[in-house]
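Subject: Structure handover

Hello,

Here is the structure for you to look at. Please open it beside this email and follow along.

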Amino acid sequence: MNYVTKTLLCAFGLLICGQNAMASLECQGRFPNPITDICWSCVFPITFGAGALSLPVALGQEDTPNPGGAPICLCGVNPGIKISFWEPVRHVDVVRKPFCMTSLGGIDMNPGFDAPHGTQRKKDNSDTSSFYQVHWYVDPVLILLEAVVDSPCLEQQVFDVAYLTELDPLWNDDEMTSILNPDSFLFGNLVARLACGADCVASSLGFGSNTLFWCAGCQGSMYPLNGHVASHIGGVQASSLLVSRIIAKMHREGLMWAASGSSGLCGYYPQLLMDKTNYKYQMHFPVAQDKINGKCCQPLGRTTVIWGAGKEIPAAGEDFAYMIFRKRNCCQGAF
């Protein structure tokens, strides 16, 4: 058997094995249990009023600055009181198998056409790259509590599967993705990458730096805004990076609006460049996060070394689902 024949047989064998591996991927998931899987502590701190007259209920949770001044606010001619909290508004799936709906109980959808599967590839002796598909769900779960607490400050939407990256041609193409983030060409250099170390430190001690908007903290680079992870350290790290990217992508496309600061007191407003300090997130599949030092969610970019231990399970837990909390400043009573 000559060299060419051996090479062809090896290539054919790898192709068959790769196809079998993709076909054997099982869709794993479960519906998030609102009692056991969602960490309601992440809603805190809740603050009523402002300045010296504010009444914060923190429960040891992290927060960002709120609008100062008087505790009374005005939207049009309607007065109200300033409040702030962290609202659970979105779910995110990060999956290897296309159309595997992890947050819908592991439903394996089959639309009748192919989409790129998740991969992990060794680039050299040390680095691994990966690719995942991501699903974006609108799910303002606090709206379920309106029977007890009726507040116009809660997002008034219903559950919806709002975005599937399998249907987005930009998600698997670095060149086409540059349509959304042409600024990424400015940060593909060593100096910009080294600067992300400062963002890693900032997000691990508190919230990340918006000055370093091209960084996703300890998870890597925010760009490109697609499913390719250049430095795959583990599933928790890679999926956390894609959580940051999908939020940034939704902002860049005008599909996610901001709700914090003085501009958010009277309603939502467009924000094409995501404010990283507006979000916290919490894993609820395959393993719901437990509290560490009283916290079970973290800002975007925080290192996964501590909270991510034991959260990736071979075969049964290599797809991930997260609850996204968005900072909300609101003029309660003005609507």
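Where is the place of L59? L59 sits in the loop between strand 2 (55-57) and strand 3 (72-75). Keep in mind that this is a predicted model.

Surface patch

Is L59 buried or exposed? L59 counts as exposed because its relative accessibility is 56%, and the cut-off for exposed is over 50%. L59 also belongs to a nonpolar patch on the surface. The patch is formed by F48, L55, V57, L59, I72 and I81. Together they have about 540 Å² of accessible area.

Salt bridges

Side chains of opposite charge can pair when their charged atoms come close. How many salt bridges does a search of the whole structure find? The search finds twelve. Here are some of them.

Take D37 and R30. They form a salt bridge, and their closest N and O atoms are 3.3 Å apart. D37 is buried because its relative accessibility is 7%, and buried means under 20%. R30 has 29% relative accessibility, so R30 counts as partly exposed.

Next, E62 and R302. Their side chains meet in a salt bridge at 2.7 Å, N to O. This pair links distant parts of the chain, 240 residues apart. E62 is in the loop between strand 2 and strand 3. R302 is in the loop between strand 15 (298-299) and strand 16 (320-332). Both partners are buried: E62 has 15% relative accessibility, and R302 has a relative accessible area of 12%.

Then K327 and D63. The distance in this salt bridge is 3.0 Å, N to O. K327 has a relative accessible area of 1%, so K327 is buried. D63 is partly exposed, with a relative accessible area of 27%. There is also a network: R90, E155 and R326 are joined by salt bridges that share partners.

Pocket

Now look for empty space. Rolling a probe the size of a water molecule over the atoms shows where empty space is left.

The largest pocket holds about 660 Å³ of space. Several elements each give two or more residues to its lining: helix 2 (174-177), helix 3 (190-205), strand 11 (228-229) and helix 4 (235-252). The lining has 27 residues. Which of them lie nearest the centre of the pocket? They are R193, S221, Y223, A230 and R245. By class, the lining divides into eleven nonpolar, 13 polar and three charged residues.

Cavities

The count comes to two cavities of 30 Å³ or more.

The largest cavity has a volume of about 90 Å³. Its lining includes N210, F213, M222, Y223 and L225. R252 and K276 are also among the lining residues. Eight of the lining residues are nonpolar, one is polar and two are charged.

The second largest cavity has a volume of about 40 Å³. T47, G49, N66, P67, K82, I83, S84 and N329 line this cavity. Which strand gives the most to this lining? Strand 4 (residues 78-95) does, with three residues. This lining has two nonpolar, five polar and one charged residue.

Backbone details

Two cis peptide bonds deserve a look. One joins Y223 and P224, with omega about -5°. P224 lies in the loop between helix 3 and strand 11. Another joins F285 and P286, with omega about 10°. P286 lies in the loop between strand 14 (279-285) and strand 15.

Check phi as well. F99 is not a glycine, yet its phi is positive, near 65°. F99 is in the loop between strand 4 and strand 5 (100-101). F99 is buried, at 4% relative accessibility. N293 is not a glycine either, and its phi is positive at about 55°. N293 lies in the loop between strand 14 and strand 15. N293 is exposed, with a relative accessible area of 72%.

One last pair

Finally, find D127 in the loop between strand 7 (119-122) and strand 8 (128-131). D127 is partly exposed, at 33% relative accessibility. How far apart are D127 and H232 in space? Their C-alpha atoms are 7.3 Å apart, while in sequence they are 105 residues apart.

Best wishes

Notes:
Residues numbered from 1 in each chain as written. Predicted model: local features only at pLDDT ≥ 70, side-chain atom pairs only at ≥ 80, totals over all residues. Heavy atoms only, no water. Patch = residues over 30% accessible without salt bridge, like charges linked within 9 Å, V, L, I, M, F, W, Y side chains within 5 Å. Areas by Shrake-Rupley, 256 points an atom, 1.4 Å probe, with all protein chains shown as cover. Salt bridge = Lys/Arg side-chain N within 4 Å of Asp/Glu carboxyl O. Helix = DSSP H or I, 4+ residues; strand = E, 2+ residues; numbered from the N terminus. Buried < 20%, exposed > 50% of the residue type's maximum accessible area, 1.4 Å probe, protein only. 1 Å grid on protein atoms, 1.4 Å probe; cavity = no way out; pocket = protein on both sides within 12 Å on 5 of 7 lines; lining within 4 Å. Points joined across faces, edges and corners; volume = space filled by probe spheres on them. Nonpolar A, V, L, I, M, F, W, Y, C, P; charged D, E, K, R; others polar.
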